[in-house]
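Have the sequence and the 3D view open as you read.

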Amino acid sequence: MAAALADKRLVFVTGKGGVGKSTVATALGIAAARRGLRTIVAELSGQARAAQAFGIAAPSGEEVRLAEDLHALSVDMEQAMEEYLHERAGRVGDLLAASRAFHTFAHATPGMRELLTIGKAWELAQDRRRVSGAQPYDLVLVDAPATGHALGALRTPATFAEIARVGPIAHQGRTIDATLRDPAQTAVVAVALPEEMPVTETLALRRGLREAIGQEPAAVVVNACLPERLGPRQAKTVAEALSAASDRVVHAALRAALSQQARADAQREQVARLGDAPAPLELPYVFAEALRPAELGELADRLEVLL
Amino acid sequence: MSGVADWLADTRVCVVGGSGGVGKTTTSAALAAGMAARGLKVAVVTIDPAQRLATALGLDELDNEPQRIASERFAAAGLPLGEGELWAMTLDPKRTFDELIARLSPDDDTRERILANRVYRELSDAIAGSQEFTAVAKLHELAQDGGWDLLVLDTPPSRNALDFLDAPDRLRAFFEGRALQTLLRGGGAGLRLLGRGTGLVLGLLRRVTGAELLSDLSDFFRLLGGLLGGFRERAQQVEELLRAPGTTFLLVTSPEREPIDEALFFQRRLRSAGMTLGGAVVNRMHVDADALAGEDDALLDLPARIEQAAGLSPALAKQVAAAYADEHRLARRDAANMAHLRERLGGRVPLLQVPLLEDDVHDVAGLVRLYVHLFAASEAP
């Protein structure tokens, strides 16, 4: 399980909708910050879940500090565009950024949002930041959109480079694409649940990644794995006890244990489908009402091996 | 409490919405099968079914048109369809978008040039709302074809369920990017429309994007401009279909807080858009462990109680008690979230809960199990 994420600059966390990408990205961020890496969790889909978990307000486009060495940013397309234009063309760029016609253009161009947001994630990981006065980050954890959209976004820089052929966008596209393809700088973490659809989507992500940026996932994280409380022999004993139980609460407890075990067995089969290259890292099911920094910290303990 | 058959009594089109990972696809398929079992001719349009489910239904062949599911598959699992028919299809968004472009193109030349345009070919997936819009466009096409008693649409998976409702507007705005077409054509009346400085903007634009990209984009938008009239009409019809009296939305959610909050947000949007919400289904409820209601102290003595009453070893009794404590905690969380949902939905929206099933639903037998829960409280057919 040598994912060595701490050696990368840019780590994309993706997977099917609802599998806990934000949770994994945030917990990884906590683990990295503990190591003293200046870390930022960058969210591409306009939400600010990392900051929310810490109870901190995070206006779109603002880098906020969550804890020692841990920051979060909900990437804002407009702002990313203004920064890009300013760096590209200085005052002329600012003029463009202020033009309504240009905004119409940027919003209408298919893929421009993806290009700009992924460009912003890339920018966070540069030693020389575009944003004046901004400090560089050791590690940028991108809380990416769900698999299909994430693959689309990862492909965008190369697509623009190809369509534009020459000119600044082509150049920028090529530079970002080269970073994405370089396993020394960029890694992808696939998040799944131990269920049919998320596992299938993880397998599809593996193929899609190869095609999009020529990389394999550096790590596969399986979220919300139930504990294995009963072996086959014990499950049999419990099943026999269930048919004889008359105490209402004991009956319910025996049923709960069997039901949980049946679900854990089904999960096991799904995890097996993921294979072992890389070996999936299992996170326990968190039996809590909400994930707060304490729960995230426990998940971070488990994720440390990926750094 | 009533079952979904009552909610869908006079429904011709049922749109199933909710956030990703809550069981929308299986719920759509199970309710379509259940309505077919009531003698209706039903088609279900899904976006991305689990492979095993697709195989179980015989849906592996993708030709972007509904196919009839062999009734024997359901009869064998205990749900005879009788006179009813169940049809299903998996939507291919890219292909549906190509078909839409082809249908809206004023002539063959325009069609060929759009389909061959590099911006269209490489980036049409990235047109905001295109996948969502193609789903409703397909629904509309099937509704036009007629012959269906009920159409069920499983909406595309996305982080935000509202993407689906916003899609027609976003795509219309995209097609209507008239200011943009004028800008890219770079001349004449457009300059006055856009105000001063447009020539300058165009020059700067070339500087930050590169001339080739600009020329492909310019072509792309000019060609799309020719489709605008047809597209507007289509978007209008699609919106009318979504508001039609025979169209009902169903919300699907899991009992976790985030999907529930999203479902509530979706409901408010439906209401303000004048669309009908038929009911909400809460999947994956932890309900079994609720026997302890009101006597949480009993959790402490549970291992001993299990040991005595069931004759298990202390170690095993401890494991069983721990499993129960887990499930109990989740059952309480789910019940609280369910109460929140019920309160916020108000009394008029019927709610149905489906317990967590021990395995993913990935075959016909699983769909029939789900069907039993969805239709349990309905009036008999």
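Pro278(A) sits in the loop between helix 10 (248-273) and strand 8 (281-284) of chain A; helices (H or I, at least four residues) and strands (E, at least two) are DSSP runs, numbered from the N terminus. The peptide bond that joins Ala277(A) to Pro278(A) is cis, with omega about -5°. Most residues other than glycine have a negative phi, and most peptide bonds are trans.

Before going further, a word on what you are looking at. This is a predicted model, in which local features need pLDDT of at least 70 and side-chain atom pairs count only at pLDDT 80 or more, while totals for chains, interfaces and linings use all residues. Residues are numbered from 1 along each chain as its sequence is written, and chains are lettered from A and ligands numbered from 1 in the order in which they are written.

A residue is buried if 20 or more other C-beta atoms lie within 10 Å of its own, exposed if 12 or fewer, and partly exposed in between, with C-beta atoms placed from the backbone.

**Chain A and its strand 1**

Chain A holds 11 helices and eight strands. Its C-alpha trace spans about 80 × 40 × 35 Å along the principal axes, and 53% of its 307 residues count as buried. Among contacts in chain A between residues at least 6 apart in sequence, 71% join residues at least 24 apart; two residues are in contact if their C-beta atoms, placed from the backbone, lie within 7 Å.

Six of its six residues are buried, so strand 1 is largely enclosed by the rest of the structure. Leu10(A), Phe12(A) and Thr14(A) are buried on one side, and Val11(A), Val13(A) and Gly15(A) are buried on the other. In a regular strand the side chains alternate between the two faces of the sheet.

Strands count as paired if DSSP finds at least two bridges between them. Strand 1 of chain A runs parallel to strand 5 (residues 139-143) of chain A, with four bridges joining them, and Leu10(A) has Val140(A) as its bridge partner there. Strand 1 also runs parallel to strand 6 (residues 186-192) of chain A, this time with six bridges; Thr14(A) stands opposite Ala190(A) in strand 6.

**Nonpolar cores**

A nonpolar core is a set of buried Ala, Val, Leu, Ile, Met, Phe, Trp, Tyr and Cys residues joined through C-beta atoms within 7 Å. The largest such core has 188 residues, and those that touch the most other members are Ala42(A), Val140(A), Val142(A), Val189(A), Ala33(B) and Val152(B). Leaving aside neighbours within four places in sequence, Val142(A) is in contact with Leu10(A), Val11(A), Phe12(A), Val13(A), Ala42(A), Leu44(A) and Ala121(A). A second, separate core of 22 residues includes Val238(A), Ala253(A), Ala323(B) and Tyr324(B).

**Where the chains meet**

How many residues of chain B are in contact with chain A? There are 65, and they are in contact with 60 residues of chain A. Helix 17 (314-345) of chain B is among the elements that give two or more residues to this side, and helix 17 gives the most, with 12 residues. By class, the side of chain B that touches chain A has 34 nonpolar, 14 polar and 17 charged residues. Here Ala, Val, Leu, Ile, Met, Phe, Trp, Tyr, Cys and Pro count as nonpolar, Asp, Glu, Lys and Arg as charged, and the others, Gly among them, as polar.

**Confidence**

The model scores ipTM 0.85 and pTM 0.88. Chain B has a mean pLDDT of 83, with 85% of its residues at 70 or more; pLDDT is the predictor's confidence in each residue, from 0 to 100. Among the elements of chain B, strand 5 (residues 150-154) has the highest mean pLDDT (95) and helix 11 (residues 189-194) the lowest (37). Over residues 186-196 of chain B the pLDDT is below 50, and this stretch has 12 contacts in the model beyond near neighbours in sequence.
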